[in-house]
Amino acid sequence: MIDPRGEQPVYLQVAAQLRARIESGEWPPRRRLPSVVALEHEYGVARNTVLKAIKHLRDTGYVYTVSNWGTVVKAGADTITVVVMAPGSRAVVREATAQERERLDLAEGAHVLVVEKGGEVEVLPAETVEIRGPES
């Protein structure tokens, strides 16, 4: 709960709650945070307060922002995404496009894994993915 009369500035209270959601796994790495408007309504604070909270998370390394797309949870160096390949799905490794590098916070020349499953396509940084077959 946000306490406007609390000891800590409101933007730091919001940042702490957002950070807790990231650390709990509710918002996993490479996932966009809800929009600023959605966060304003959820926490009952002003737009500038949400923007300051996001800036604080960016400055402390929890998120990064992609212009015209949103704020994304940063992946830790030890974060591995497990992809279970079901029958009918396919995966391809290729060099990331400029837009993918920006969205996923990747270096020039990095590769991505493109996974097609059940009509959906997901693009993941190749070095952070473990591929598994369906469980028996």
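Biologist: Which residues have the most contacts inside the largest nonpolar core?
Modeller: This is a predicted model, in which local features need pLDDT of at least 70, side-chain atom pairs count only at pLDDT 80 or more, and totals for chains, interfaces and linings use all residues. Residues are numbered from 1 along each chain as its sequence is written, and side-chain values use heavy atoms, with hydrogens and water left out. A nonpolar core is a set of buried Ala, Val, Leu, Ile, Met, Phe, Trp, Tyr and Cys residues joined through side-chain atoms within 4.5 Å, where buried means under 20% relative accessible area, exposed over 50% and partly exposed in between (1.4 Å probe, protein chains only). The largest such core has 17 residues, and those with the most contacts inside it are Val-14, Leu-18, Trp-27, Leu-39, Tyr-43, Val-45 and Val-50.

Biologist: Which elements each supply at least two residues of this core?
Modeller: Helices (H or I, at least four residues) and strands (E, at least two) are DSSP runs, numbered from the N terminus. By that rule, the elements that each give at least two residues to this core are α1 (10-23), α2 (36-43) and α3.

Biologist: Which residues does Leu-18 contact, leaving aside its neighbours within four places in sequence?
Modeller: Contact means heavy atoms within 4.5 Å. With those neighbours set aside, the partners of Leu-18 are Trp-27, Leu-39, Tyr-43, Ala-53 and Leu-57.

Biologist: What pattern does the chain follow along the sequence?
Modeller: The chain has four helices and seven strands. Read along the sequence, they give α-α-α-β-β-β-β-α-β-β-β.

Biologist: What share of the residues of the chain counts as buried?
Modeller: The C-alpha trace spans about 55 × 35 × 25 Å along its principal axes. Among contacts between residues at least 6 apart in sequence, 48% join residues at least 24 apart. Of the 136 residues of the chain, the buried share is 32%.

Biologist: Is Gln-13 buried or exposed, and at what relative accessible area?
Modeller: Gln-13 sits in helix α1. Not counting residues up to four places away in sequence, Gln-13 touches Met-1, Ile-2, Asp-3, Gly-6 and Gln-8. Gln-13 counts as buried because its relative accessible area is 9%.

Biologist: How much space lies in the largest pocket?
Modeller: On a 1 Å grid over the protein atoms alone, a pocket is an open set of points where a 1.4 Å probe fits, with protein on both sides within 12 Å along at least five of seven lines; lining residues have an atom within 4 Å of a point. Grid points are joined across faces, edges and corners, and the volume is the space filled by probe spheres set on the points. For the largest pocket this comes to about 370 Å³.

Biologist: Which residues lie nearest the centre of the largest pocket?
Modeller: α4 (98-104) and β6 (120-125) each supply at least two residues of the lining. The lining has 14 residues, and those nearest the centre are Arg-30, Arg-31, Glu-122, Val-123 and Leu-124.

Biologist: At what relative accessibility is Glu-122 placed in its class?
Modeller: Glu-122 lies in strand β6. Apart from residues up to four places away in sequence, Glu-122 touches Leu-113, Val-114 and Val-115. Glu-122 counts as partly exposed because its relative accessibility is 40%.

Biologist: What is the phi of Arg-30?
Modeller: Most residues other than glycine have a negative phi. Arg-30 is in the loop between α1 and α2 and counts as buried, at 11% relative accessibility. Although Arg-30 is not a glycine, its phi is positive, at about 70°.

Biologist: Is Asn-68 buried or exposed, and at what relative accessibility?
Modeller: Asn-68 is in the loop between β1 (63-66) and β2. Phi of Asn-68 is positive, near 60°, in a residue other than glycine. Asn-68 counts as exposed because its relative accessibility is 85%.

Biologist: Which element gives the most residues to the lining of the second largest pocket?
Modeller: The second largest pocket has a volume of about 190 Å³. Its lining has 14 residues, with Ser-35, Val-36, Ile-54, Gly-70 and Thr-71 nearest the centre. Two or more lining residues come from each of α3 (47-59) and β2 (70-73). With five residues, the element that gives the most is α3.
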